[in-house]
Amino acid sequence: MTSTSEEELMVAKRARTRRQTEGGPAARRTGRSIPDASGDSTRFTAPKATLLPESGWELRVGRGSRNRAALEVHTGDGLIDVAVADGLVAALIRGAVRGRRWSVAWGHLPRGGDVLVEFRSGNSMRRVPAITIAGAFWAAEVPGRFRSVVVTTAADRASFRLRRFRQHGTAGLRPQAS
């Protein structure tokens with residue numbers, strides 16, 4: 001019979017916490033109440049997923065460390081990003097990519113709540129409304145290939161160059177059985 005020491009248990013617990021923070025398998029999705037950016041868990045219940053129509057990507061809400069909301073970005077190829085609310089690095093723009101016929105950007109919602117999203121390419125610019133996810137994140141999608149995105153808030157402004165994304169899996173995500 002093998003005995004597990006306290007030290008081994010602490011190491012396992014730290015590894016589990018690290019996986020949750022980094023969005024590993026321990027950061028799980030649930031329909032239970034998850035705190036929004038203000039820490040109030042009574043205002044938000046996690047939806048199953050938000051589908052982006054142009055790209056076919058899914059934005060899912062999971063739980064990160066200390067029961068904070070986490071945004072999971074899923075493509076036909078699988079999970080490509082996890083952002084945890086009120087993390088150490090709360091970037092206004094977390095990621096931005098362009099596919100063959102669409103462009104997508106996402107990031108952390110500032111404490112004021114409103115963001116203005118502009119996709120740009122050469123002389124063309126397209127302003128789009130951002131969707132709010134879990135009261136802590138925003139995402140925006142447009143048809144067309146853009147080179148950069150600019151996000152403006154009441155107190156800040158950030159720009160990000162879109163990376164090219166080549167999807168290897170299906171054109172979008174397969175519907176999941178209920």
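D86 counts as partly exposed, at 40% relative accessibility, in what is a predicted model. The exercises below start from this residue.

**Exercise 1.** Find the salt-bridge partner of D86 and state which parts of the chain the pair ties together.

Solution. 
- Step 1. Side chains of opposite charge can pair when their charged atoms come close.
- Step 2. The side chain of D86 meets that of R111 in a salt bridge, with 3.4 Å from N to O.
- Step 3. D86 sits in the loop between strand 4 and strand 5 (95-98), and R111 in the loop between strand 6 and strand 7, so the pair ties together parts that are 25 residues apart in sequence.
- Step 4. Compare the cover: R111 has 67% relative accessibility and counts as exposed, while D86, at 40%, is partly exposed.
- Step 5. The loop between strand 6 (102-108) and strand 7 (116-121) also holds L109. L109 is buried, with a relative accessible area of 14%. Its C-alpha atom is separated by 8.8 Å from that of A85, 24 residues apart along the chain.

**Exercise 2.** Locate the residues R66 and N67 and describe their phi angles.

Solution. 
- Step 1. Most residues other than glycine have a negative phi.
- Step 2. R66 has a positive phi, near 50 degrees, and N67 has a positive phi of about 60 degrees.
- Step 3. R66 lies in the loop between strand 2 (58-63) and strand 3 (69-75), and N67 is placed in the loop between strand 2 and strand 3 as well.
- Step 4. R66 is exposed at 70% relative accessibility; N67 is partly exposed at 31%.
- Step 5. For the surroundings, strands 1-2-3-4 form, in that order, an open sheet with antiparallel pairing. Its edge strands are strand 1 (50-51) and strand 4 (78-84), each pairing on one side only. Strand 3 pairs with strand 4 over six bridges, and T75 stands opposite G78 in strand 4.

**Exercise 3.** Describe the hairpin of strand 11 and strand 12, and the charged surface patch that includes R147.

Solution. 
- Step 1. Strand 11 and strand 12 form a hairpin with four residues between them.
- Step 2. The two strands pair in the antiparallel sense over five bridges, with T152 opposite R157 in strand 12.
- Step 3. R147 lies in the loop between strand 10 (137-143) and strand 11 (148-152) and is partly exposed, at 37% relative accessible area.
- Step 4. R147 belongs to a surface patch of positive charge, together with R100, R101, R145, R161, R164 and R166.

Terms used
Residues are numbered from 1 along each chain as its sequence is written. This is a predicted model: local features need pLDDT of at least 70, side-chain atom pairs count only at pLDDT 80 or more; totals for chains, interfaces and linings use all residues. Side-chain values use heavy atoms; hydrogens and water are left out. Patches are made of residues with over 30% relative accessible area and no salt bridge: like charges are joined within 9 Å, nonpolar side chains (Val, Leu, Ile, Met, Phe, Trp, Tyr) within 5 Å. Accessible areas come from the Shrake-Rupley method with a 1.4 Å probe; for residues, only the protein chains shown count as cover. A salt bridge is a side-chain nitrogen of Lys or Arg within 4 Å of a carboxyl oxygen of Asp or Glu. Lys and Arg count as positive and Asp and Glu as negative; His and the chain ends are not counted. The place of a charge is taken as NZ of Lys, CZ of Arg, CG of Asp or CD of Glu. Buried means under 20% relative accessible area, exposed over 50%, partly exposed in between (1.4 Å probe, protein chains only). Two strands pair if DSSP finds at least two bridges between them.
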